[in-house]
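Biologist: Please show me the structure, and then let us work through it together by question and answer.

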Amino acid sequence: MAILLADSGATKCEWVLIQKGKKKTAFTQGLSPYFLTEEQIIEILNKELSGLSKTASIQKIHYYGTGMRNPANVSIVKNALRKVFNSADISIND
């Protein structure tokens with residue numbers, strides 16, 4: 001099982017992939033839904049996270065980020081993650 005963890009602010013996002021007891025870390029620009037649309041987030045994920053995400057079939061994503069107390073923002077981020085990682089169980093937290 002591969003699990004992807006994300007801790008995002010407005011300027012950067014740290015990603016940790018946990019698979020078979022090993023961790024890989026990557027960084028992307030921040031994924032704040034206050035400043036980015038769903039389409040822009042998808043573009044960032046596809047461009048900046050492709051090296052990490054192609055190494056595993058990700059089953060779970062735990063995303064922690066700025067603005068996630070707002071249900072509209074949760075929807076933007078969750079929809080973007082679902083379009084990139086369509087078979088993953090996605091959990092969004094603030």
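Biologist: Which residues have the most contacts inside the largest nonpolar core?

Modeller: This is a predicted model, in which local features need pLDDT of at least 70 and side-chain atom pairs count only at pLDDT 80 or more, while totals for chains, interfaces and linings use all residues. Residues are numbered from 1 along each chain as its sequence is written, and side-chain values use heavy atoms, with hydrogens and water left out. A nonpolar core is a set of buried Ala, Val, Leu, Ile, Met, Phe, Trp, Tyr and Cys residues joined through side-chain atoms within 4.5 Å, where buried means under 20% relative accessible area, exposed over 50% and partly exposed in between, with a 1.4 Å probe and protein chains only. The largest core has 26 residues, and those with the most contacts inside it are Leu4, Trp15 and Leu81.

Biologist: Which element gives the largest share of this core?

Modeller: Helices (H or I, at least four residues) and strands (E, at least two) are DSSP runs, numbered from the N terminus. Strands E1 (2-8), E2 (12-19), E4 (58-65) and E5 (89-93), with helices H1 (38-48) and H3 (71-84), each supply at least two core residues. The largest share, four residues, comes from H1.

Biologist: In what order do the five strands of the open sheet lie?

Modeller: Two strands pair if DSSP finds at least two bridges between them. The edge strands, E3 (22-29) and E5, each pair on one side only. The pairing is mixed, and the order is E3-E2-E1-E4-E5.

Biologist: Is the pairing of E1 and E4 parallel or antiparallel?

Modeller: For E1 and E2, the pairing is antiparallel over seven bridges, and a hairpin of three residues joins these two strands. Between E1 and E4 there are also seven bridges, with leucine 4 opposite isoleucine 61 and serine 8 partnered by glycine 65. The sense of the E1 and E4 pairing is parallel.

Biologist: What angle does the direction of H1 make with that of E3?

Modeller: Axes are lines fitted to C-alpha atoms, for helices over the stretch in contact, and angles run from 0 to 180 degrees between N-to-C directions; contact means heavy atoms within 4.5 Å. H3 lies across E2, E4 and E5, running at about 155° to E5. H1 packs on the sheet and touches E2 and E3, and its direction makes with that of E3 an angle of about 130°.

Biologist: What is the radius of gyration of the protein chain?

Modeller: The chain has three helices and five strands, which run β-β-β-α-α-β-α-β from the N terminus on. The radius is taken over C-alpha atoms, and the globule rule is 2.2 Å times the number of residues to the power 0.38. For 94 residues the rule gives 12 Å, and the chain comes close to this, so it is as compact as a globular protein of that length. Its radius of gyration is 12 Å.
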